[in-house]
Amino acid sequence: MQNLTQDGQNLVNSLSNRYNLSFDAVMHMLIAVNNGNGSMAQFNCPELGGGGQWMRGGMTMVGDMFNYGLKTTVDNLCSELANGLANTQVFMPLPKGANSANQWWPDGLGQPFSSGAQNSTRYAIFPNRLAVEVNGNVTVYDTLDNNIGGISQQQGSNSSLTFSSQYGTIPVNTLPIVSGANSSNSNTQNPAPQNNFVAPPEPMAFTPAPAMQAPQNLTNTASVDEIIQLIEKLAKLRDMGAISDNEYNSKKTDLLNRI
């Protein structure tokens, strides 16, 4: 890390006293703001609530999301650090020809619009490129059409890195490698397509239910009613003398046998 100039020392000491923070805490935030080119910072400072993010003119996030006083402190501190970096020679200039300790990515990528560090991993986001350094090894990925919003890490290797984009949370190692580790195999080893949907269950074989059979002793109500009506008509004919008793009884017996 570059050494501070006298103006840089005065800036850190002044902010440390005014914000009641340790020298190391202000220095941590200075490096974070410097890594974000004075426009943003990603930090993990216990004195400022742990992990958080600051963006000039934008949203400030801290570990205690409802501690608005802490948010104000972080916002004001980062703004003053950014102004100091813009208007003061805070760090000692490097010897001619030396590479900046903050510029660990390949020269051809230019300046990132976002960068940060977690544990032993550093990352920098460029247009269509993502540079990741793990334990000193730098790998550059093609970000395709992803709009990367942030990098997160669970453990200390590339396989644990993920980034958020308009398509959700995606592992970094699914991106094509442009340069760095395993770049020679990047065009032949394509990650297996991911399926975020549950496979539909296989269709069950259809077995038709056996047809229901009416009990054999079930009486047809409609035919019984018709027969009763016929018997009543026969009785009226008998009473009128149109048929004899023998004819009535014969027809009645015949109709009853149909039930």
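One aromatic pair is counted in this predicted model. Rings of Phe, Tyr and Trp (its six-membered ring) pair if their centres lie within 6.5 Å; planes under 30 degrees apart are stacked, over 60 edge-to-face, and the rest tilted. Trp105 and Phe126 form the pair, which is edge-to-face, with 5.7 Å centre to centre and 70° between the planes. It links distant parts of the chain, 21 residues apart. Trp105 lies in the loop between helix 3 and strand 3 (114-118), and Phe126 in strand 4 (residues 121-126). Helices (H or I, at least four residues) and strands (E, at least two) are DSSP runs, numbered from the N terminus.

Are these two residues buried or exposed? Buried means under 20% relative accessible area, exposed over 50%, partly exposed in between (1.4 Å probe, protein chains only).

| Residue | Relative accessible area | Class |
|---|---|---|
| Trp105 | 7% | buried |
| Phe126 | 3% | buried |

Next, the cores. A nonpolar core is a set of buried Ala, Val, Leu, Ile, Met, Phe, Trp, Tyr and Cys residues joined through side-chain atoms within 4.5 Å. The largest has 27 residues; Met29, Leu30 and Val74 are among those with the most contacts inside it. Helix 1 (6-18), helix 2 (23-35), strand 1 (40-45) and helix 3 (68-87) each give two or more residues to this core. Helix 2 supplies the largest share, seven residues. Apart from this core lies another, of 14 residues, including Ile125 and Phe163.

Residues are numbered from 1 along each chain as its sequence is written. Local features need pLDDT of at least 70, side-chain atom pairs count only at pLDDT 80 or more, totals for chains, interfaces and linings use all residues, and side-chain values use heavy atoms, leaving out hydrogens and water.
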